[in-house]
Amino acid sequence: MINLLWSIPLAYILILYLDKISGDITVKWLEYIQKKFNLNNGVFRLMLALSTSVPEISINALALYVFRENPLVGLGTIIGSAIFQLSPVVAFPILFSKEPVQINKGVLLKSLGVFVVLVALLLLF
């Protein structure tokens, strides 16, 4: 069993390493694939979006194989990453908008409701 004192820095180093792979090497590799197979930008963006899940996958692998006594780490990673990834999507357009942004409360409440239902289903299963 890996000591908790050593596992946290090890996990941090692993995440930084995987982030480096995801950030630099993966983009160049995906650009090569896009040119080689003449893929449109939509497919390229889809592959790039899937590659950004590498940090979450590494955290879940650590939760399964290193922190076996606490499987809720994986669940926390899924919920936390969803919240973190949605926050910039909503915040950046508002921050960089030159005009005041009108937020439709109906759409916001519907999105929040769907998110809560999905998290509840995740907790049940």
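**Figure 1. Overall fold and contact pattern of the predicted model.** Among contacts in the protein (heavy atoms within 4.5 Å) between residues at least 6 apart in sequence, 53% join residues at least 24 apart. The model is predicted, so local features require pLDDT of at least 70 and side-chain atom pairs count only at pLDDT 80 or more, whereas totals for chains, interfaces and linings use all residues. Residues are numbered from 1 along each chain as its sequence is written, and side-chain values use heavy atoms, with hydrogens and water left out. The secondary structure comprises 5 helices and 0 strands, in the order α-α-α-α-α along the sequence; helices (H or I, at least four residues) and strands (E, at least two) are DSSP runs numbered from the N terminus. Of the 125 residues, 17% count as buried, where buried means under 20% relative accessible area, exposed over 50% and partly exposed in between (1.4 Å probe, protein chains only). The accessible surface comes to about 10200 Å², and carbon and sulfur atoms account for 73% of that area; accessible areas come from the Shrake-Rupley method with a 1.4 Å probe, and for residues only the protein chains shown count as cover.

**Figure 2. Nonpolar patch on the surface.** Val89, Val90, Ile94, Val101, Ile103 and Leu108 form this patch, with about 530 Å² of accessible area together. Patches are made of residues with over 30% relative accessible area and no salt bridge, like charges being joined within 9 Å and nonpolar side chains (Val, Leu, Ile, Met, Phe, Trp, Tyr) within 5 Å. A salt bridge is a side-chain nitrogen of Lys or Arg within 4 Å of a carboxyl oxygen of Asp or Glu. Helix H4 (residues 72–95) supplies the largest share of the patch, 3 residues. Leu108 is placed in helix H5 (residues 105–124) and counts as exposed because its relative accessible area is 51%.

**Figure 3. The largest pocket.** About 420 Å³ of space lies in the largest pocket. Its lining consists of 13 residues, of which Leu86, Val90, Leu108, Ser111 and Leu112 lie nearest the centre. H4 and H5 are the elements that give two or more residues to this lining, and H5 gives the most, with 7 residues. On a 1 Å grid over the protein atoms alone, a pocket is an open set of points where a 1.4 Å probe fits, with protein on both sides within 12 Å along at least five of seven lines; lining residues have an atom within 4 Å of a point. Grid points are joined across faces, edges and corners, and a volume is the space filled by probe spheres set on the points.

**Figure 4. Surroundings of Phe115.** Phe115 lies in helix H5 and is partly exposed, with a relative accessible area of 24%. Leaving aside neighbours within four places in sequence, Phe115 is in contact with Ile79, Ala82 and Ile83. The C-alpha atoms of Phe115 and Ala82 are separated by 9.3 Å, the two residues being 33 residues apart along the chain.

Figure 5. Asn38 is found in the loop between helix H1 (4–37) and helix H2 (41–51). Although not a glycine, Asn38 has a positive phi of about 55 degrees; with a relative accessible area of 69%, Asn38 is exposed. Gln34, in helix H1, is buried because its relative accessible area is 16%. Beyond neighbours within four places in sequence, Gln34 is in contact with Leu39, Asn40, Asn41 and Phe44.
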